[in-house]
Amino acid sequence: MARELKDGEKIRLKGSGGALFLVTVGHVFDASLIEKRLASGEWSWPGTDPKPSKAKPAEPASSPTPVADPVPVQASDPAAESDPDRPAANAPKSDWVVYVARTRHMSREDAANYTKADLIDMVS
């Protein structure tokens, strides 16, 4: 037994989660849209049990597929493995200046005069 819905009428409905809400029949929610949602079970009248929705329940989000451990990068210089203070190849030149000055017993000013490639070659 369908209720006749009139434009401008405010009706209280129950959503699929059970929350009550107020809808004004009209431009945004015309009578045919409201009736369609009531028929599908998405919405229901307060105090009534909704019809089972034909829509499939949302699938739970699957967990991401584990990625295999990356292949370890082999250091071309055995000293790189034995010295944990050695900067990475992509570290800024300033880190290499400090490292080379310490390991090659030169001043930071002298080390700063070399290019980053030269500093890396000095300790390789």
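The talk below sets values against definitions.

Mentor: Start with the ground rules. This is a predicted model, where local features need pLDDT of at least 70 and side-chain atom pairs count only at pLDDT 80 or more, while totals for chains, interfaces and linings use all residues. Residues are numbered from 1 along each chain as its sequence is written, and side-chain values use heavy atoms, with hydrogens and water left out.

Trainee: How many helices and strands does the protein chain have, and what makes a run count as one?

Mentor: Five helices and two strands. In sequence order the pattern is β-β-α-α-α-α-α.

Trainee: What makes β1 and β2 a pair?

Mentor: Two strands pair if DSSP finds at least two bridges between them. β1 and β2 have five bridges, in the antiparallel sense. L13 stands opposite F21 in β2. The two strands form a hairpin with five residues between them, and G18 in the turn has a positive phi of about 95 degrees.

Trainee: Why is K6 called exposed?

Mentor: Exposed means over 50% relative accessible area, buried means under 20%, and partly exposed is in between (1.4 Å probe, protein chains only). K6 has 51%, so K6 is exposed. K6 sits in the segment before β1.

Trainee: Why is the F29 and W43 pair called tilted?

Mentor: The centres are 5.8 Å apart and the planes are at 55 degrees, so this pair of F29 and W43 is tilted. F29 lies in the loop between β2 and α1, 14 residues from W43. F29 has a relative accessible area of 28%, so F29 is partly exposed. Ring pairs link F21, F29 and W43 into a cluster.

Trainee: How do you know that E42 and R37 meet in a salt bridge?

Mentor: A salt bridge needs a side-chain nitrogen of Lys or Arg within 4 Å of a carboxyl oxygen of Asp or Glu. For E42 and R37, N to O is 3.8 Å. So the pair qualifies. By this rule the count is two salt bridges.

Trainee: What makes R102 and D85 a salt bridge, and which parts does the pair tie together?

Mentor: The closest N and O atoms are 3.9 Å apart. R102 lies in helix α3 and D85 in the loop between α2 and α3, so the pair ties together parts that are 17 residues apart in sequence. D85 is exposed at 54%, and R102 is partly exposed at 45%.

Trainee: What makes a set of residues the largest nonpolar core?

Mentor: A nonpolar core is a set of buried Ala, Val, Leu, Ile, Met, Phe, Trp, Tyr and Cys residues joined through side-chain atoms within 4.5 Å. The largest has ten residues, including A91, W96, L119 and V123. α3 and α5 each supply at least two residues of this core. The largest share, five residues, comes from α3. Apart from this core lies another, of eight residues, among them L13, V25, I34 and L38.

Trainee: Which residues of α3 are buried, and what covers them?

Mentor: W96, V97, Y99, V100 and A101 are the buried residues of α3. Their cover includes α4 and α5.

Trainee: Which residues does A91 contact?

Mentor: Contact means heavy atoms within 4.5 Å. Leaving aside neighbours within four places in sequence, A91 is in contact with W96 and K116.

Notes. Helix = DSSP H or I, 4+ residues; strand = E, 2+ residues; numbered from the N terminus. Phe/Tyr/Trp six-rings, centres within 6.5 Å; stacked < 30°, edge-to-face > 60°.
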